[in-house]
Amino acid sequence: TKEYFIQTKIFRKTGNVESGSSSSVKFTIGDNNSMKIENDVQISNPVIWTPETPELYLIKTIITDSKEKVIDEFITETGFTNLDIRNNQIFQSGKQFTLNGINYYEDQPKFASALDYKVTENDLKNIKTLGFNAVRVPGKISHPYIVNICNRLGLYLFQEIPFNETSEYYLEDDKYIRLNLGLLSELIERDKSSPCILAW
């Protein structure tokens, strides 16, 4: 059979409680084809991700066949934020919010820029304990470890676009510009579901 069903379910990560699900959408597709299908999911009263309550959700999109056998499953981790900027002030869920940030360098004594997850996690836990609620990795794109840990711990992240020290010579090269626009596109695609990203 070429008949399949797709459904999306959202689970609160704490306790793995289902928070919402779409209706199951039937579709047919032939070999070596692709198609776009939308699943609409409504969640009532989601827990808003903040540095104080870094609540995460799992979005599971499941494809089954006509016998309800799971063909494929795709899981995305995300969170819901409620940020607003008015008169150069940041508001979080309607309340004025003060950023207290610090630079974090991806450089460890034993591993240099090849980060160890546990060491990075301990560093960011210490940063959070010291009262900071935001970090920035100067001069480079943050490693996925840092994005993941910031999501879990409740630290906002300024995702760097690392072209501030690039020579004008390179910025006049169309090929260089195209390659780097591709890099930025991949970066945004990679991190677009991360609630910790405050700015690019």
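Glutamate 106 is found in the loop that runs between strand 9 (101-103) and helix 1; helices (H or I, at least four residues) and strands (E, at least two) are DSSP runs, numbered from the N terminus. The model is predicted, so local features need pLDDT of at least 70 and side-chain atom pairs count only at pLDDT 80 or more, while totals for chains, interfaces and linings use all residues. Residues are numbered from 1 along each chain as its sequence is written, and side-chain values use heavy atoms, with hydrogens and water left out.

With a relative accessibility of 8%, glutamate 106 counts as buried, where buried means under 20% relative accessible area, exposed over 50%, and partly exposed in between (1.4 Å probe, protein chains only). The side chain of glutamate 106 makes a polar contact of 3.4 Å with the side chain of lysine 140, and reaches the backbone nitrogen of histidine 143 at 2.7 Å. A polar contact is a pair of N or O atoms within 3.5 Å; within protein, one must be able to donate a hydrogen and the other to accept it, and residues adjacent in sequence count only if both atoms are side-chain atoms. Not counting residues up to four places away in sequence, glutamate 106 touches a set of residues including Ala112, Leu115, Val137 and Ile146, contact being heavy atoms within 4.5 Å.

One of these neighbours, Ile146, belongs to helix 2, in which Ile146, Val147, Ile149, Cys150, Asn151 and Leu153 are buried. What covers them includes helix 1, strand 10 (134-136), strand 11 (156-158) and helix 4. After helix 2 comes glycine 154, with a positive phi near 90°. Leucine 155 then lies in the loop between helix 2 and strand 11.

Is leucine 155 buried or exposed? Leucine 155 is buried, and its relative accessible area is 0%. Among the residues that leucine 155 touches, not counting those up to four places away in sequence, are Trp49, Leu124, Phe132, Val135, Cys150 and Cys196.

Side chains of opposite charge can pair when their charged atoms come close. Glutamate 121 meets lysine 118 at 3.1 Å, N to O, and both lie in helix 1 (residues 117-129), three residues apart, about one turn of the helix. An α-helix has 3.6 residues a turn, so residues three or four places apart point the same way. Glutamate 121 is buried at 7% relative accessible area, whereas lysine 118 is exposed at 51%. The salt bridge from glutamate 121 to arginine 152 has its closest N and O atoms 2.6 Å apart. Arginine 152 lies in helix 2 (residues 144-153) and glutamate 121 in helix 1, so this pair ties together parts 31 residues apart in sequence. Arginine 152 is partly exposed, at 30% relative accessibility.

In total the structure holds 11 salt bridges. Another of them joins the side chains of lysine 2 and aspartate 31 at 3.0 Å, N to O. Lysine 2 is in the segment before strand 1 (3-12) and aspartate 31 in the loop between strand 3 (25-28) and strand 4 (57-65), 29 residues apart. Lysine 2 is partly exposed, with a relative accessible area of 42%, and aspartate 31 is exposed, with 59%. Aspartate 31 and glutamate 52 are 21 residues apart in sequence, yet 48 Å apart in space, C-alpha to C-alpha.

The remaining topic is open space. The largest pocket has a volume of about 250 Å³. A pocket is found on a 1 Å grid over the protein atoms alone, as an open set of points where a 1.4 Å probe fits, with protein on both sides within 12 Å along at least five of seven lines; lining residues have an atom within 4 Å of a point. Grid points are joined across faces, edges and corners, and the volume is the space filled by probe spheres set on the points. The lining of the largest pocket has 13 residues, and Glu77, Arg190, Asp191, Ser193 and Ser194 lie nearest its centre. Strand 5 (70-78), helix 2 and helix 4 (174-191) each give two or more residues to this lining, and helix 2 gives the most, with four. By type, the lining divides into three nonpolar, five polar and five charged residues; Ala, Val, Leu, Ile, Met, Phe, Trp, Tyr, Cys and Pro count as nonpolar, Asp, Glu, Lys and Arg as charged, and the others, Gly among them, as polar.

Definitions and conventions
Salt bridge = Lys/Arg side-chain N within 4 Å of Asp/Glu carboxyl O.
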